[in-house]
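The exercises below go through one model step by step, with a worked solution after each task. Please look at the sequence and the structure before reading the solutions.

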Amino acid sequence: MFSSRLEWNAPANRLTRILRAKRQAGIRILDLTESNPTRAGLVYPAGLLEGLSTPDSLSYEPQAAGLRAAREAVSRYYQAAGRAIDPDHILVTTSTSDSYGYLFKLLCDPGDEILVPRPSYPLFEFLAALECVRVVHYPLIYHGGWGLDLDALRQAVTRRTRAIVLVNPNNPTGSFLKVSEWEALARLALGRGLVVIADEVFADYSHRVDSSRVTSLAGDVRTPGFSLSGLSKVSALPQMKLGWIVANGDESFRRQALESLELIADTYLAAGTPVQHAAAGMLGTRDVLQSQIRQRVAANLAYLTASLGPDSPCRVLDVEGGWYAILEVPRLRSDEALVEELLERHNVLVQPGYFYDFDTDGYLVLSLLTVPDVFQSGLYPVLSAACRDSA
Ligand SMILES: Cc1ncc(COP(=O)(O)O)c(C=O)c1O
């Protein structure tokens with residue numbers, strides 16, 4: 001009766017079942033996976049919601065690309081970072097996930113392929129499957145820092161490949177694309193007629209300055225592509241449901257891409273009027289949230305690093321930005337068995353690397369957005385269970 005896009009009735013995995021049972025029993029879980037900023041104890045500025053109740057929100061004047069006021073607000077956001085983006089090159093969506101849906105519809109026929117990094121954001125499989133598109137992974141490799149395996153990326157391109165997704169910085173590795181990598185990648189994309197989709201939702205969250213990085217591709221005129229972001233991470237407001245797509249590339253590509261995207265957007269007219277009117281205010285107060293998040297992430301990362309003694313068999317992988325840390329642990333058992341034990345015995349929830357498509361065991365992903373008390377209380381059992389000496 002239903003389509004075969006997804007395995008609709010896939011059984012919940014064991015970890016989910018244990019978690020559900022614990023929650024039903026009222027047991028307090030130390031959740032080190034929390035990445036919802038509205039549950040992270042942040043202080044949101046008073047007056048943040050005022051923009052939602054302007055009288056303009058009572059009239060419905062749908063515009064496929066989004067209301068001019070919202071697109072201008074997004075343009076000012078880029079301007080503050082020194083990027084001149086014409087509001088006419090911006091299309092408003094409800095979220096970055098929504099933006100992917102639009103772009104896969106725009107670029108792919110059923111059965112076409114998009115290249116996505118591995119490890120990376122687990123939702124790609126679903127976003128692609130729902131558009132009948134195939135995900136093909138290209139590896140990121142860790143050698144003291146994360147980098148692209150350009151040869152593997154080249155080999156992953158087939159005649160069905162339509163786009164390369166870059167997550168910059170990547171989730172959960174926190175790694176930024178480097179200028180030298182971008183040069184090679186742009187050549188590949190241009191040579192093979194591929195579009196570059198740059199997911200820049202975490203671009204404002206860098207842990208240190210590094211001139212070898214690409215900080216954003218928004219406004220790049222050389223390579224046909226798109227930059228994606230939204231209020232979800234920029235202003236820590238995922239519940240507002242406002243994202244955007246910036247069309248990059250030369251004039252001819254941009255014009256055609258935006259015209260077609262408007263056709264898709266016109267079919268749904270998904271973004272709400274009040275939040276589009278409020279976008280300027282919500283973007284305007286982003287520094288208040290971003291500075292709290294930066295402090296939180298830095299403090300948890302410092303605590304994590306300091307908690308590993310010099311002889312610990314565990315190590316924290318280098319992280320340049322974003323909201324996550326990766327703890328490399330001895331492979332004494334599978335990551336699945338380890339995270340289940342942590343939850344079952346210690347009521348601590350962490351994510352195993354395989355959620356993010358790490359290709360081997362030995363990696364746990366921790367959210368650095370976690371409230372510090374919870375992070376610190378939860379970390380002790382994690383390190384005791386995971387960082388026992390393998391000798
Ligand atoms: C890399 C990445 N892209 C996109 C998203 C989704 O963002 P949105 O809430 O705007 O759909 C997330 C959410 O965590 C993410 O980590």
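**Exercise 1: the ligand shell**

The residues of the shell around the ligand divide into four nonpolar, five polar and two charged, where Ala, Val, Leu, Ile, Met, Phe, Trp, Tyr, Cys and Pro count as nonpolar, Asp, Glu, Lys and Arg as charged, and the others, Gly among them, as polar. This is a predicted model, in which local features need pLDDT of at least 70 and side-chain atom pairs count only at pLDDT 80 or more, while totals for chains, interfaces and linings use all residues. Residues are numbered from 1 along each chain as its sequence is written, and side-chain values use heavy atoms, with hydrogens and water left out.

Task: list the residues that surround the ligand, and state which side chains make polar contacts with the ligand.

Step 1. The ligand is surrounded by Ser-95, Thr-96, Ser-97, Tyr-121, Val-167, Asn-171, Asp-199, Val-201, Phe-202, Ser-232 and Lys-233, each with a heavy atom within 4 Å of the ligand.

Step 2. For polar contacts (pairs of N or O atoms within 3.5 Å), a polar side-chain atom of Asp-199 is found 2.6 Å from a ligand nitrogen. A ligand oxygen lies 2.9 Å from a side-chain N or O atom of Ser-97, and an oxygen of the ligand is likewise 2.9 Å from an N or O atom in the side chain of Ser-232.

Step 3. Of the 400 Å² of accessible area that the ligand has on its own, the protein covers 89% (Shrake-Rupley method, 1.4 Å probe).

Step 4. Two or more residues of the shell come from each of α3 (96-107) and α7 (231-234), helices being DSSP runs of H or I with at least four residues and strands runs of E with at least two, numbered from the N terminus.

**Exercise 2: backbone details**

Task: locate the cis peptide bond that joins Arg-118 to its partner.

Solution. The partner is Pro-119, with omega about 0°, and Pro-119 is in the loop between β3 (113-118) and α4 (124-129).

Definitions and conventions. Polar contact = N/O pair within 3.5 Å; in protein donor to acceptor, adjacent residues only side chain to side chain.
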